[in-house]
Amino acid sequence: MPQAGDTHYTVYDDQPVAGPPIVLIHEAGCNLHSWGVEIRRLQGHRVLALDLPGHGRSPGIGQQSIAAYAAGVIRFLDSARLYQPIVVGHGMGGAIAIELALNYPDRLAAAGLVACGASLPVAPGLLDQLCHPGTLPEALNLLQQQFSSTATTPAIAAAIRRQLQSTRPGVLYNDWLACQRFDRRADIKNVRVPLWAAVGASDRLGIQPCAHYLAARLPRMSLRVFPNAGHMLPLEQSRSLAEGLQAFLQELPTRKPGRRPARE
């Protein structure tokens with residue numbers, strides 16, 4: 001697995017490359033394996049799936065703000081020599097994509113937002129439970145319940161549990177603290193990069209109202225609601241999500257492959 005700066009990632013190159021590279025940013029407490037294989041292998045694009053700092057195989061610690069995570073993604077783009085990629089984020093990763101679109105619009109070609117909004121719901125008491133070893137199992141159970149739906153197979157449920165358990169408690173706490181602090185509702189109208197959004201109809205995290213809030217304030221943004229899917233849409237409906245994202249990508253203006261030219 002390659003590494004740029006302090007960020008581990010996987011890379012899939014589909015030749016010939018028809019569009020900008022795609023950077024996948026995972027949900028809080030998870031890692032790059034929360035993206036289904038169909039999404040990590042989108043046709044016609046170089047796809048990079050990241051482990052955020054402190055997650056998966058990336059060193060470091062989790063950040064306590066979405067802005068700090070976004071700044072780290074910019075450092076990754078610089079290290080990997082990526083210019084104007086399409087950033088696709090799930091949950092907290094979607095919040096990071098919004099932050100990038102607001103603060104670094106010239107660095108993005110477009111953004112995809114999966115199960116997220118301009119603010120993120122965090123269950124009351126979750127942060128307190130994440131703070132203490134004695135209540136950590138309760139917090140993990142709550143998260144798994146919220147991440148699951150009637151469409152979640154036992155295999156996907158087990159994969160979710162493994163990802164949450166493999167993330168250090170301090171990183172879990174920082175992630176959900178960053179989510180609780182995130183609120184871009186007053187600024188979201190200022191986003192100018194092309195956006196595409198998706199949400200599961202059975203999302204138990206309370207994301208649907210947040211996604212519809214985005215759609216109401218960004219009339220040019222396309223929002224797709226996936227039936228029979230919950231919060232882990234990238235695993236539960238990986239192929240359908242990839243097809244929806246692929247259709248959005250095909251409608252974007254043609255750009256040259258998104259790699260900054262080498263300096264003389």
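Tyr9 is buried in this predicted model, with a relative accessible area of 9%; buried means under 20% relative accessible area, exposed over 50% and partly exposed in between, with a 1.4 Å probe and protein chains only. Phe76 counts as buried as well, at 1% relative accessibility. Residues are numbered from 1 along each chain as its sequence is written. In this predicted model, local features need pLDDT of at least 70 and side-chain atom pairs count only at pLDDT 80 or more, while totals for chains, interfaces and linings use all residues; side-chain values use heavy atoms, with hydrogens and water left out.

Aromatic pairs come next. Rings of Phe, Tyr and Trp (its six-membered ring) pair if their centres lie within 6.5 Å, and planes under 30 degrees apart count as stacked, over 60 as edge-to-face and the rest as tilted. The count by this rule is three aromatic pairs. In one of them, the ring centres of Tyr9 and Phe76 are 5.3 Å apart and the planes stand at 75°, so this pair is edge-to-face. It links distant parts of the chain, as Tyr9 is in strand S2 and Phe76 in helix H2 (residues 66-79), 67 residues apart. Here helices (H or I, at least four residues) and strands (E, at least two) are DSSP runs, numbered from the N terminus. Phe147 and Trp176 form a tilted aromatic pair, with 6.3 Å from centre to centre and 35° between the planes. Because Phe147 lies in helix H5 (residues 136-147) and Trp176 in helix H7 (residues 169-181), this pair ties together parts that are 29 residues apart in sequence. Both Phe147 and Trp176 are buried. Another ring, that of Tyr213, has the charged end of Arg217 sitting over it, 3.7 Å from its centre; for this, NZ of Lys or CZ of Arg must be within 6 Å of the ring centre and within 35 degrees of the ring normal.

Not counting residues up to four places away in sequence, Phe76 touches Ala4, Thr7, Tyr9, Leu48, Leu50 and Leu82, where contact means heavy atoms within 4.5 Å.

The strands can now be put in order. Eight strands form an open sheet with mixed pairing, in the order S1-S2-S4-S3-S5-S6-S7-S8; two strands pair if DSSP finds at least two bridges between them. Strand S1 (3-4) and S8 are at the edges with a single partner strand each, so one side of each is left without a neighbour in the sheet. Strand S2 (residues 7-13) runs antiparallel to strand S4 (residues 46-50), and five bridges join them. Thr10 stands opposite Ala49 in S4. Helix H3 packs on the sheet, touching strand S3 (22-25), S5 and S6, and its direction makes about 145° with that of S5. Axes are lines fitted to C-alpha atoms, for helices over the stretch in contact, and angles run from 0 to 180 degrees between N-to-C directions.

Val88 is found in strand S5 (residues 86-90) and counts as buried at 2% relative accessibility. Leaving aside neighbours within four places in sequence, the contacts of Val88 include Ile22, Val23, Trp35, Gly112 and Leu245.

Further along the sheet, S6 and S7 pair in the parallel sense over four bridges, and Leu195 in S7 is the bridge partner of Ala111. S7 and S8 also run parallel, joined by five bridges, with Leu223 in S8 as the bridge partner of Ala197. In a regular strand the side chains alternate between the two faces of the sheet. Strand S7 (residues 195-200) has six of its six residues buried. Leu195, Ala197 and Val199 cover one side and Trp196, Ala198 and Gly200 the other, all of them buried.

Two loop residues complete the picture. Ala115, in the loop between strand S6 (110-114) and helix H4 (126-131), has a positive phi near 55° although other than glycine. Asn228 also has a positive phi, of about 55°, and is not a glycine; its place is the loop between strand S8 (222-226) and helix H9 (233-236). Ala115 is buried, with a relative accessible area of 0%, whereas Asn228 is exposed at 57%.
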